[in-house]
Amino acid sequence: MLLGVDAGNPDLLLRWSEDGSLPTLRALRARGMTCRLEGPPGCGDDGTWATVYTGVSPATHGRFYYRRLRPGSYSLPSFADGDLCHEPIWATLGRAGKRVAVIDVPKSPLPATLNGVYLGDWLVHGRDHAAPVAFPEHFARETIDRFGPAPESLCGFSQPSLDAAGYDGMLERLETSTGMKRDLCLSLIDREPWDLFFAVFKEAHCAGHHGWHLHDRSHPDHPPDLAALTGDPLLRAHQAIDSAMGDLIARAGPDTTVIVFSALGMGPSRGLARLLPEILDRLCPSHRPQVASVRRLLKPLAARLIDLAGGRGRRALRRIAGAAGTSHRAGQPAFSIEPSEHVSGIRLNLAGREASGLIEPGAEADAFCARLSRDLLDIVDPETGERLIDDVVPIGRLYAGPLLSHLPDLLVFWNLSRRATSAASRKIGLIRSPAGTPRTGAHVPGGLLVAAGGGLEAGLTAPPRPVEDLAATVGALLGVALPGCEGTPLPGTAPGGPIG
Ligand SMILES: [Zn+2]
Ligand SMILES: [Zn+2]
């Protein structure tokens, strides 16, 4: 049984399991092993989840973030199900005769066929599909009829902050959705003895993005009066999940190997990644200055119009904005890719690889990257003089795989020690951060794994492991080889029997 806590902060999971706030996790830790997890460098939830459920890195499965650079073009369409280049473990396990139940694993593709059931985008944070999808198809409708549609979670990117009653309502709905997922999962566990039962809870993710300032007293926007009324939204969401997981683990029975994990964390939002497009415009100006200046003038207006428009109008405006972005990137020597909130990507407009490449590969590209990296590392927060960027790393130092050339060429690791609203250097002058999201929480790298049963050592605390090891462990537990899997099974993993 694989239970995911989407965007659970590993430090909080450790602290709250130790102080008894999360009794299920505490009990699981007492009889199993605990270790931190490391996601693919630079990835937000899309790339991290795809790595969890395939067991290979984004350089192999291709989902680095929520968009995808269409090869040989400058267009960045949303990542679609068919773009994934490595199959999820449930497909391989199913073909090997294993029965699988897959419930709301975020950012995962709807399977055309499966030896079991798949439900996606029912109670998740951040949907790939407009409505829940399932295999078999009727499973989505049946689930909604029996357990209800997703309660509104008020956790969108533009969602304004709430008052005490608003937060309370939001948390009540998160508790409701946790209970809905628990009830569906219990009914499935009762239905048949699954070989793999994989379900993910989304509520820590929602509470984290919009409630981090209420949880974190050191946050610059922490409102003590409001926090006294709301309590800690993160704790409340985690406790609801912990209680639901306790019910599932109990129903699955004592012989079930259980892995509870979070693959990507949550922390205070620093808003730094938003600075990169303007920084690049200044460090390596566009070869099409007219397109660049018209776009600069119209961009804030377009964003406002997209916000105001509804339905078809919004889709049309997005298409126009997308085309303007495509045309702008074609004129830039290098352009930004936004894989996550803690790391930005830079893609070189490389001759021979891009449609109208501006930089020759080889010595010219190397010199360009070296100069750009130096210029980026010179940038400081004008208020504190502190460097805004910790490191700029060529992608080949972090990843290897057949789709390496689809990824950004450089990753920019922002200094996350404090919030900054502007950037300055001799070359860029002064840049103020554009208005961003009202969200106070943002993803930070790192997760946690707690696993018990199947021969895993009790009470063991192990060194950090890559998230690819989750898939490898499931394959080893079920005795199924996962071709190409880049992970290693946890120590002590032994094959187990069916669940429930
Ligand atoms: Zn998120
Ligand atoms: Zn959400």
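## Exercises on a predicted model

In this predicted model, residues E203, A204, A207, G208, G211, L214 and H215 of helix α8 meet P233, L234, A237, H238, A240 and I241 of helix α10, a meeting or contact being counted where two C-beta atoms, placed from the backbone, lie within 7 Å. Local features need pLDDT of at least 70 and side-chain atom pairs count only at pLDDT 80 or more, whereas totals for chains, interfaces and linings use all residues. Residues are numbered from 1 along each chain as its sequence is written, and chains are lettered from A and ligands numbered from 1 in the order in which they are written.

**Exercise 1.** Work out how the axes of α8 and α10 lie relative to each other, and which classes of residue make up their contact.

*Solution.* Begin with the elements themselves: α8 covers residues 203-215 and α10 covers residues 233-252, where helices (H or I, at least four residues) and strands (E, at least two) are DSSP runs numbered from the N terminus. Their axes come within 7 Å and cross at roughly 155°, with axes fitted as lines to C-alpha atoms, for helices over the stretch in contact, and angles running from 0 to 180 degrees between N-to-C directions. The two helices are therefore roughly antiparallel to each other, given that angles under 35 degrees count as roughly parallel, over 145 as roughly antiparallel, 65 to 115 as roughly perpendicular and the rest as oblique. By class, the contact of α8 with α10 has eight nonpolar, four polar and one charged residues; here Ala, Val, Leu, Ile, Met, Phe, Trp, Tyr, Cys and Pro count as nonpolar, Asp, Glu, Lys and Arg as charged, and the others, Gly among them, as polar.

**Exercise 2.** State which strands pair with β1, and in what sense.

*Solution.* Strand β1 (residues 2-5) pairs in the parallel sense with β7 (residues 258-262) over three bridges, two strands being paired if DSSP finds at least two bridges between them. In this pairing L2 stands opposite I259. With β6 (residues 196-201), β1 pairs in the parallel sense over four bridges, and the bridge partner of G4 there is V200. In a regular strand the side chains alternate between the two faces of the sheet. In β1 both faces are covered, with L2 and G4 buried on one side and L3 and V5 buried on the other.

**Exercise 3.** Give the order of the open sheet of four strands, and find the helix that lies across β9, β10 and β12.

*Solution.* The order is β9-β10-β12-β11, with antiparallel pairing. Strands β9 (334-337) and β11 (389-394) stand at the edges with a single partner strand each, so one side of each is left without a neighbour in the sheet. Between β11 and β12 (residues 410-414) there are five bridges, and V392 stands opposite V412. The helix is α11 (residues 276-283), running at about 175° to β9, and in α11 the residues L276, I279, L280 and D281 are buried.

How values were computed: Buried ≥ 20, exposed ≤ 12 C-beta atoms within 10 Å, placed from the backbone.
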